[in-house]
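This report describes a few local features of one protein model. Please have the sequence and the structure at hand.

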Amino acid sequence: MNRTGKRVLAAGLAVTLVAGLGAGGVYLAKNRQKAEVNVYSIYDVGMTEYWGDSRTTSGMVTTDQIQNVYISTTQMVQEIYVQEGQTVRKGDLLLSYDTTLSTLELERKDLEIQKMELSLEEARKDLKKIQGYRPGVPVSEDDLVSTGSSLGGLSVSA
């Protein structure tokens, strides 16, 4: 084997060794984070009364994940599937809405958009006609723009 081949082989082995050590370090670091959680009996951590006849402890129990539900003015709650204090998981149904008003509002907005698109198309046609006008050349009634366009009711009269 020539000198260049030996150098390439040595460099390849060095890169493989470094990659293997890096992967092993990442694996060990991930497994080290899986530490066991200690669980203690109430008898080990609870406070006793003077005579020791009962054990108690006090503190606040909280959750780190809370889901707030906001209802819009167009939504009515149809049914509630959970009770206060009940444990739920991701994906559980909490409540259902009657979305009739939201659907009607959405359909109304769609109709408004269609109306505006038609007005815009009519205005484009009128603009194309107006751009064809020439100064000093009379305009026939067929060439006049419509009066109901979105140009503010502007029309040209002869």
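Predicted model: local features only at pLDDT ≥ 70, side-chain atom pairs only at ≥ 80, totals over all residues.

Residues are numbered from 1 along each chain as its sequence is written, and side-chain values use heavy atoms, leaving out hydrogens and water.

The count of salt bridges (a side-chain nitrogen of Lys or Arg within 4 Å of a carboxyl oxygen of Asp or Glu) comes to 2.

| Salt bridge | Closest N to O |
|---|---|
| Arg-108 and Glu-112 | 2.8 Å |

Together, Glu-105, Arg-108 and Glu-112 form a network. Glu-105 and Arg-108 lie 3 residues apart in helix α3 (residues 100-131). Arg-108 and Glu-112 are separated by about one helical turn because they are 4 residues apart in helix α3. Arg-108 is partly exposed at 42% relative accessibility; the term covers values between buried (under 20%) and exposed (over 50%), with a 1.4 Å probe and protein chains only.

Val-69, Ile-71, Val-77 and Ile-80 make a nonpolar surface patch of about 330 Å². Such patches join nonpolar side chains (Val, Leu, Ile, Met, Phe, Trp, Tyr) within 5 Å, from residues with over 30% relative accessible area and no salt bridge. Val-77, in strand β3 (residues 76-80), has a relative accessible area of 37% and is therefore partly exposed.

Ser-96 belongs to strand β4 (residues 95-98) and is buried, at 16% relative accessibility. Among the residues that Ser-96 touches are Val-77 and Tyr-81, a contact being heavy atoms within 4.5 Å.

Note on methods. Patch = residues over 30% accessible without salt bridge, like charges linked within 9 Å, V, L, I, M, F, W, Y side chains within 5 Å. Areas by Shrake-Rupley, 256 points an atom, 1.4 Å probe, with all protein chains shown as cover. Helix = DSSP H or I, 4+ residues; strand = E, 2+ residues; numbered from the N terminus. Lists of a residue's contacts leave out its neighbours within four places in sequence.
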